Structures are given as C-alpha cells and as structure tokens.
Amino acid sequence: MALQALYRRYRPGCFAELRGQEPVVRALQNAVQQGRVGHAYLFSGPRGTGKTSTARILAKALNCTDLSSDGEPCGQCQSCLDIANNASYDLIELDAASNNKVDDVRDLISRVAMGSPGKAKVYVLDEVHMLTPGAENALLKTLEEPPDHVVFVLCTTEPHKVVPTIRSRTQHLEFNLIDGDVLADHARWVVEQAGLEVGDDAIDHAVHRGAGSARDTLSALDQIAAAGGVADRLDAVDAVIDALGGQDYGPAFVAVHDALRSGREPRIIGEAVLDRLRNAFLSAMGADLSHLTDAQQESARATAALIPPAGLTRALELLGTALVDMRQAPDPRVNLEVALGRLTRRDLDTDIAALLERVERLERHGPPASAGASDRDNPAPAAETSPTDRRTPGPTSGHERARAAIAQIQAKQSETEASSTAPAVQDSESEAAQSPDRSPRPTLGAVRAGTATATRTANPEGSEAVSTSETSTGAAETGEPLPSREEIVLAWGDTILASLSNKARVRFQVGRFLANDSHSAVFALPSQIQIDRCDEVREAVDDALQEHFGRPVPLRLAIDDDSTASPPDLQPVPSRPAHDEPEAIDPDELMDEETVAQEAISNLMAAFPDSELVSIEPPAAAVQPGSGQQGSGQ
C-alpha cells in the first residue's frame, strides 16, 4: 500500500481542526447549532485553504447522530466514519471541471430527489466556475428550490467567474490565506504527530513554499522529509538581492551561473527573486505581513531598507516582464541575465523609470558609497566650489541641483576656453595699445545720458586708456566679486530678459554675454548701431541685474566679432498662456516708424557684416512747359 500524503493523513475532521478560517467556522457552527443551515453555500478562496474539507465537516455535522452542543460532529458515529472513509451515501462530491456538461448536471439533478440513509444529503461541486453556460442554466432551478433534505456546497477558486444568478442563490463564505505563524504551528504539530526528523529551517522553508496554503505547505514538508533536508538552495537569491542593493553585478551573475550549472531552472530563480522583492515592497508600503513567518518578515524589512521603493518597483517590473518572455524565448537564461544586468548596471538601462530611480537614490542618500565596476573605472571628478557658491546656501530640490551642476560644468568649460585663448587675448591687447583707433569708443547713449567718462586719457607711456560706459558702481568699488558668466546667462534667460519692457527686450535679445573682464560683464551686440540703441534703455537692464543679484552688476556693451552666431545658453522667453489676461501696453514703449526702420537696418547690417549704409537722394521731378503734368526723372 502506497504511503498516504501528509495533507490527506492530517486532513481536518472537525471544525476545531480548521486553521486560519475562524469567521467561516463560527458562521457554520452557529448555523448547525441553531438549526438554520442554508440550502446552498458558495465557498471561495485560494487553493488549499480548506474549502472541500469544510464541506465534508458540514456534511458530518448535518448527519451526526451524537452532535455536541457547540455544533461539532462527534467523529465516532457510523455516519461520521462513513464520510471520513468516503463510503457515505449522504455526501456526493462532483468535480465540475471534468463534469461540466449539461448532461452531467441533468444526471445529478435526476438523483437529487432520491432519499439517503442520513438526515441530509450534501452535494459538493468543486471548481463550479468551470461549468458551461448550459450546465449553469440547468442547475439554477434545482439550486434555488432543492428538496428539504438536500444542501448544495459550491467550491471555487475564482468566484468572479461564477455567474451572478448562481451567486445570488447561495450564501457566500470567503476563505483567506492562512497566516505564516499559524501554518508554522500546524506544520510543527504534523511533524510531531508523524514522527518526522526535520528542523526549524525546513519548516520555515515549507511555510514559505506554501504561501498561505495548508495543502501546499504539507506537500512541501512531505518533499523535504523525503529528500532528507531542504533541496532548494537560496544562495543565488540572496546574492541577487545584495547585488540589487549595492548595484554590483558581479556577484549576482556568478551566483546565478552556479545555480544554473547545478540544474536549477532560470524561471525558478526569477520567481524566487520576484517573491522576495514583492515581500520587501509590501514591507516598504507598510502592508500587513502576517501571512509570512517571523524570519521572512525580518528578511523583507532588511531588503526594503537596502533597496528604495523606486528600485523595488523597477525590479518587479523588469523581472516580471522577463518571466513572461521566458515562455517563448529560445534560451530563458538570456532573459534573466539581461534583466539582472539592467538592474545592477546603471549604464545599461536608459529607461525613464531607471533614471527616476537613480534621481531618488541621489536625493535620499547621495552618491552610493560602493559603485559598480563602471563607476570604479570612471570615477566622477570632484566639483569645484566657486566663491559665489560658498556664500549662498546650496540647492535643495532636484532641478536646482541639476542647474547648479550644469553651471559648474559650463564654468569649467569657460575656464578651459579662457586658458586656451589667453595668448591670443594678450596679443590683441598689445595690438590695441599700438593702434589707438581700434579701441572701443563710448556709445552714443552714454554720451547723451552724460554718464560716460573721458574715453581717451593719455597715460605716461603715451598709450590711451579706454573707459567703459558703466552706469552702476563697479565691482572694485563695492568690494564684491562679479557673478560668473554662467550665473548671468542662466538668470538672463530665466527671469531678467522676460522682466524687461517690450522695447528693451526687443533691443537686447539679439546679443549675448561674453566672458567677464576684471570690472564688468561684457554684453556683445552685432553692430555699433545696435549698441547705441541698447544704450538708450540700458538703465532698465542695470536695474534688473541689480534686483536679481542683490548688488550692482556693471555692464559693458561691445561689438561681437562673430555677428552671425546665435547667442548661446539663452533659453527662449516663456510665452504667456492663451488663457491669461492680455498684457497691458504702455504707449510710451510703442516704437514709432523711425525706430522700426532703424531696427530693420540694424538687422540687415548684422546679417551682412561687410555691408555699408549708403543714402541715395531721389531725383528731382521735371515739369514740361505748358503741360501742367509732372514728368518722370531720368
């Protein structure tokens, strides 16, 4: 005789032996005790949680000849013994998955009215959701009005597939997954009763394999007892979890490779990692983990502390997709290894979700202390801090940090360009000293405003010193350093240019900022005409710069040598949404025809640097004598 499986040998025989289903047990015991048992029940829940066993216990209680006061069957009378031995005519079990046709249900209905030796006849239809539509319709009438001695118990793992017409004719009792500590206690009791020699680690492994199902737990325990210990090794899973937390792909690939060589299937490894990550995600979200053992709950909390929620979500998504793709993959190992590579090496994954996970990691913990091989081989250079950065508090939000990083990179590029062009600048300065006519002259606007100083002052060596048209106090006078070119460019494109009046914005938006000199910020324009026109409204620009930086920023207007180049680093002026109120127009800011004409001439001069402006007088009109008509000039 073959050895009987543990889940059959230790199947619950009374309500007291059911584990983890207290609400269902209480409802049925009260119904039996008070004589209010319904004519039809629907038991739904995950597999192995006791649905069919509860139906058999209910059949015992309805036919027991020595029923206790609390509704428990005695288990000793002939009716209870016959039901336990599957020899009772009062209990009829039908597998609806294989007997799902109309003829099968009609045959069952034809025998419903027949009597039985006991007080009640219980029909158990397992997997009732597998019935065909015709079979369901054939069952409806009898299910609604069965004979007085007949009780229907319908069992299913998918209650949503049962048609509403059947659900409405039954009392629906839901079975839940059994908690991990309850399953562990039940497994220890079975081990003690069966005399098995297994340790606590084997019991924990069986409970983990069972995942809330009593039948699956006892099946796993039976397999462990037959194998003499835990057959599945979890070293690869632990190594993968540690690699995901430390972003180190080497140990993960080695562990997976060893597990695959030992005969484990890639899908089994992926499912084990996925289960561990899911428990960690539930722990991070504060979910109830009572269905896990104490050791599993501690492992879930440790994994949640090691991997941030964004990383857990990304890993669950990638591994889930890999497991689905393994079904049709020629080599399932490739899917698992590619998924692990994308999760443990940041340079292999450019997905938006991966980038967001990296940003979250930086915002929470800063750069990782131990990076992968790619980070070790290519260490990031340390960022240099400018005097302005030391005086101002550091950025707090993500976009401010990104902007600060971009500014630092641009500052380094500017320093490199300045160092490479320093000899050329020195040569140009020496040539300018020898050629006084080539030095910049004060702009027309500065002369009109009376703000320009003497443009040419003889020095003791006979050369000419050039002064700029500055309207604000210089950096040397205030003692504060000038903002860097990158800071000015970012502020100019973000806020300053948009805050200017229409006239000033039109005139200044064609220029760009060059590298600062020792006393002022240099703003380059394509031509001298545009410099003169910008000088007329530069007071508003000086005020805007001072208001933004909190100190005067001297501005020097100069001619841009590369007049056809577009101004770099300038972001477009943000356009006003269509639903906003229309902007009020200042009549003083409207440009007359002469201004528009000058603007057009300036744009043409900027487009053609070598062009000259020539005025052509119109020819005088000739009048013929005696005709009274004006002739055309030749």
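**Helix packing and a pocket**

Helix α24 (residues 485-499) and helix α27 (residues 538-549) have axes that come within 10 Å and cross at roughly 115°. This is a predicted model: local features need pLDDT of at least 70, side-chain atom pairs count only at pLDDT 80 or more, and totals for chains, interfaces and linings use all residues. Residues are numbered from 1 along each chain as its sequence is written, and side-chain values use heavy atoms, with hydrogens and water left out.

Some terms. Helices (H or I, at least four residues) and strands (E, at least two) are DSSP runs, numbered from the N terminus. Axes are lines fitted to C-alpha atoms, for helices over the stretch in contact, and angles run from 0 to 180 degrees between N-to-C directions.

Back to α24 and α27. Their crossing is right-handed (the near helix is turned clockwise from the far one by less than a right angle). On α24, the contact residues are E487, I488, A491, W492, T495, I496 and S499; on α27, they are V541, A544, L545, H548 and F549. Contact means heavy atoms within 4.5 Å. By class, that is eight nonpolar, three polar and one charged. Ala, Val, Leu, Ile, Met, Phe, Trp, Tyr, Cys and Pro count as nonpolar, Asp, Glu, Lys and Arg as charged, and the others, Gly among them, as polar.

Next pair. Helix α15 (residues 309-325) and helix α16 (residues 332-344) have axes that come within 9 Å and cross at roughly 165°. That makes α15 roughly antiparallel to α16 (over 145 degrees). The crossing of α15 and α16 is right-handed. From α15 come R314, A315, L318, L319, A322 and D325; from α16 come N335, L336, A339, L340, R342 and L343. The classes here are eight nonpolar, one polar and three charged.

Third pair. α13 and α14 pack at about 80°, axes 8 Å apart. They are therefore roughly perpendicular (65 to 115 degrees). R276, N279, A280, S283 and A284 of α13 meet S299, A300, R301, T303 and A304 of α14.

Now the second largest pocket. On a 1 Å grid over the protein atoms alone, a pocket is an open set of points where a 1.4 Å probe fits, with protein on both sides within 12 Å along at least five of seven lines; lining residues have an atom within 4 Å of a point. The lining has 33 residues, with H208, R209, G210, A211 and D275 nearest the centre. α9 (200-210), α13 (266-284) and α14 (294-306) each give two or more residues to this lining.

Technical notes:
Angles under 35 degrees count as roughly parallel, over 145 as roughly antiparallel, 65 to 115 as roughly perpendicular and the rest as oblique.
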